[in-house]
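Let's take a walk through a protein model, one stop at a time. Keep the picture open beside you as you read.

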Amino acid sequence: MKIDVELKNVTKKFGDVVAVDDVSFSVGKGEFFSLLGPSGCGKTTTLRMIAGFEEPTEGEVHIGGELMTDVPPFKRPTNLVFQHLALFPHLNVYDNISFGLKIKKLPKDEIKRKVEQMLNLVRLPGYEERKIRELSGGEQQRIAIVRALVNEPTVLLLDEPLGPLDLKLREEMVVELKRIQREVGTTFIYVTHDQGEALTMSDRIAVMKDGRVLQIGTPMKIYERPKSRFTADFIGRSNLFEGSYANGVVEVDGLGRIIVEPEPQVSNKRSVLVCAKPEKISIGRTLKGLDNIFAGEVKEAYYQGLVTTYRVLLENNSLITVVALSSGVKGARIFRLGEKVKVGWSKRDANMII
Amino acid sequence: MKDDTTTGKRVLCILADHLRPILSYLPPRLRLNLKKLLFILLEMKKLGYYWRLFPGVFWLVVFLVLPLSVMLIYSFWTKVGYDMIPTWTLQNYVDIFVGEKGLYVRLLLKSLGISAAVTLGSIALAYPVAYYISTRGGKYKYVLLALIMTPYLVSWVILILGWRMIIGHSGLVNTLLVGVGLERVKLWKTWMAVIIVLVISWAPWLVLPIFVSLEKIDRTLLEAGADLGASPSENFRKITLPLSVPGLLVATFFVMIPTFGEFVAPVIAGGTSGATIGTAIEEAFKRMNYPFGSAMSFLLVGIALIASFVLIRKTGLRTLMESL
């Protein structure tokens, strides 16, 4: 796969504060790559270094195979969709979208054709003459995206562009963004703190915390095989058990043995975390054929329509979260508060964090 | 009962309903008077609200409406000897256009020209300063702004006379010119001197509205411009300048209208070649020709009003007021 963007040991310091700490990753051509992390994790700074608004203190940024050090933003083959969109308030939709093309001095009819094409792409045909303040939040969003996209950048950078939208609109735009990316095939680097957005749209995700990249992988890998306590907690919910490992078994104080997939590299007696996702855990009066089965008592139950979330108190006095299909869906049933139940999961679903 | 829409009347009707049994004991004539009294009391309550406008209205009346009304009335009168006769004629206005072989029209145009030149000149001086303070001022922004205002601590007339020492007959400029073996130039007592003096005096003041409109520009717009390929100078032309237009219009307001009727600078710095409509008005009042002076003044007010109206329509009152 051709690599479009590559960061090599990039560090950014603001005075004494290390905003980005030795970050390296490469993004392939046509990939939808997300930087996911809580606010202040350095994801926006990383993006701004790719765009050229910040220079790395150390390390290199390569775009399309070229070293970008000392290349100012207006000469980089990137375009950024800003967090607060930064649409030009004094220009109409047409002039906003054609801003970059006019600077490149493209012929008038070509500009016109491209703007039209872009407005069709985001399903806003005929919007050329509209003023920016006359547009709804979602419409402004789309204009901001195509204003960047119309320049055919090697890579499109998106800095939490869906942040200011309400939930419903955000869900719509997530689908829309993915569709746009599929249609144009441009490399996208997307910054977000919203795991839902990242999981839905990305080909790969880099989880960031405190300026470092903790894990890079497909949404499924990140979600199901988190490599750190932070990732396990940040992406979805996780039940975590601390114990010491020996030959495919983790001994948890007060609870007993959790059988996991053997990891030859892990030395015996080492303290590890076992992570079990709530929806991978079965709940029932009796359970059979699972590697790990524990008895417990239903303490809380939240009916959420399709699923019901249970909080089950185990023998070691810890609460475990279980998500099961609600009653009415085939084979599932609702458990009452205080009911004695069994919870269990197979060793495949007992992901070990070393 | 008729459909009474005002609350006052409705209240009165309810009151009347309750009072009717009592009223019926009273003689008919007194009954009617009581009703009238109630009405008057209610009207007075309404007046109470208008009283709250009093301070503002009083201020406007004393400082604006009163003197201007006197002037407006005078502008239709005629001067005979040293007396003003209430003739109610438009002759004074006609005289502005036809009198003295069109002198006043020429003065009017000259004043317009000077005020346009002063506006352009002072904006050209103030804009770079405002831009510099806004973009590079950092934490000293407001200190720098305060420093910009220091010339106004000195009297206006003293400032003008100060400029005489620079561009006057044996001023700094001419001394230098003679020093390098060139001819003296006559700057003082020309219309150029009037423009220079006015530009210098207005420019610092204009830094303020321009600064405010520059400060309001979202800096990420410039980042967006850069991201879309605009060089810093293209960014300035395509984003900063158009977005600072409200500030420029406010600046135009500030300068153009007062300069239009200016007469101090033309008299001191311009001498005889500095004659403007402002000096003509002053002249007329000096010669006790109040009707003609008033008519010229009112023409100025009219032109200023039209100019303001056009400016407001063009920018929108809101943008204008926000950048003040």
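Predicted model: local features only at pLDDT ≥ 70, side-chain atom pairs only at ≥ 80, totals over all residues.

## Ground rules

Residues are numbered from 1 along each chain as its sequence is written, chains are lettered from A and ligands numbered from 1 in the order in which they are written, and side-chain values use heavy atoms, with hydrogens and water left out.

## Chain B as a whole

Chain B has 16 helices and two strands. Here helices (H or I, at least four residues) and strands (E, at least two) are DSSP runs, numbered from the N terminus. Chain B has 324 residues, and 35% of them count as buried.

Its accessible surface is about 19,800 Å², with 72% belonging to carbon and sulfur atoms. Areas like this come from the Shrake-Rupley method with a 1.4 Å probe, and for residues only the protein chains shown count as cover. Now for contacts, meaning heavy atoms within 4.5 Å. Of the contacts in chain B with a separation of 6 or more, 68% are between residues 24 or more positions apart.

## Salt bridges

A salt bridge is a side-chain nitrogen of Lys or Arg within 4 Å of a carboxyl oxygen of Asp or Glu. How many salt bridges does the structure hold over all chains? The count is 27. One of them joins the side chains of A:Arg212 and A:Asp21, at 3.1 Å from N to O. That pair links distant parts of the chain, with A:Arg212 in strand 10 (residues 212–217) and A:Asp21 in strand 2 (residues 17–28) of chain A, 191 residues apart. A:Arg212 is partly exposed at 45% relative accessible area, and A:Asp21 is partly exposed too, at 23%.

In another salt bridge, A:Arg179 meets A:Glu183 at 2.9 Å, N to O. Why are these two separated by about one helical turn? Because A:Arg179 and A:Glu183 sit four residues apart in helix 6 (residues 167–184) of chain A. A:Arg179 is buried, with a relative accessible area of 13%. A:Glu297 and A:Lys299 also pair up, at 3.6 Å from N to O. A:Glu297 is partly exposed at 21%, and so is A:Lys299 at 39%. Salt bridges that share partners also make a network out of A:Arg123, A:Arg142, A:Glu176, A:Arg179 and A:Glu183.

Is helix 1 (residues 43–51) of chain A mostly covered or mostly uncovered? Mostly covered: eight of its nine residues are buried. Among them are A:Leu47, A:Met49 and A:Ile50, along with A:Lys43 and A:Arg48. After helix 1 of chain A comes A:Gly52, with a positive phi near 100°.

Over in chain B, helix 10 (residues 219–227) has buried residues including B:Leu221, B:Glu223 and B:Asp227. What do the buried residues of helix 10 of chain B pack against? They pack against helix 1, strand 6 (78–81), helix 3 (99–103) and helix 5 (137–149) of chain A, together with helix 11 (232–243) of chain B. Just after helix 10 of chain B, B:Gly229 has a positive phi of about 105°.

## A buried threonine

B:Thr119 belongs to helix 5 (residues 103–136) of chain B. Its relative accessibility is 4%, so B:Thr119 counts as buried. Leaving out residues up to four places away in sequence, B:Thr119 touches B:Thr252, B:Val255 and B:Met256.

Most residues other than glycine have a negative phi. A:Asp22 is not a glycine, yet has a positive phi of about 50°. You'll find A:Asp22 in strand 2 of chain A, where A:Asp22 is partly exposed at 43% relative accessible area.

B:Lys189, also a residue other than glycine, has a positive phi near 65°. B:Lys189 lies in the loop between helix 8 (172–179) and helix 9 (191–215) of chain B, and is partly exposed at 31%.

Definitions and conventions:
Buried < 20%, exposed > 50% of the residue type's maximum accessible area, 1.4 Å probe, protein only.
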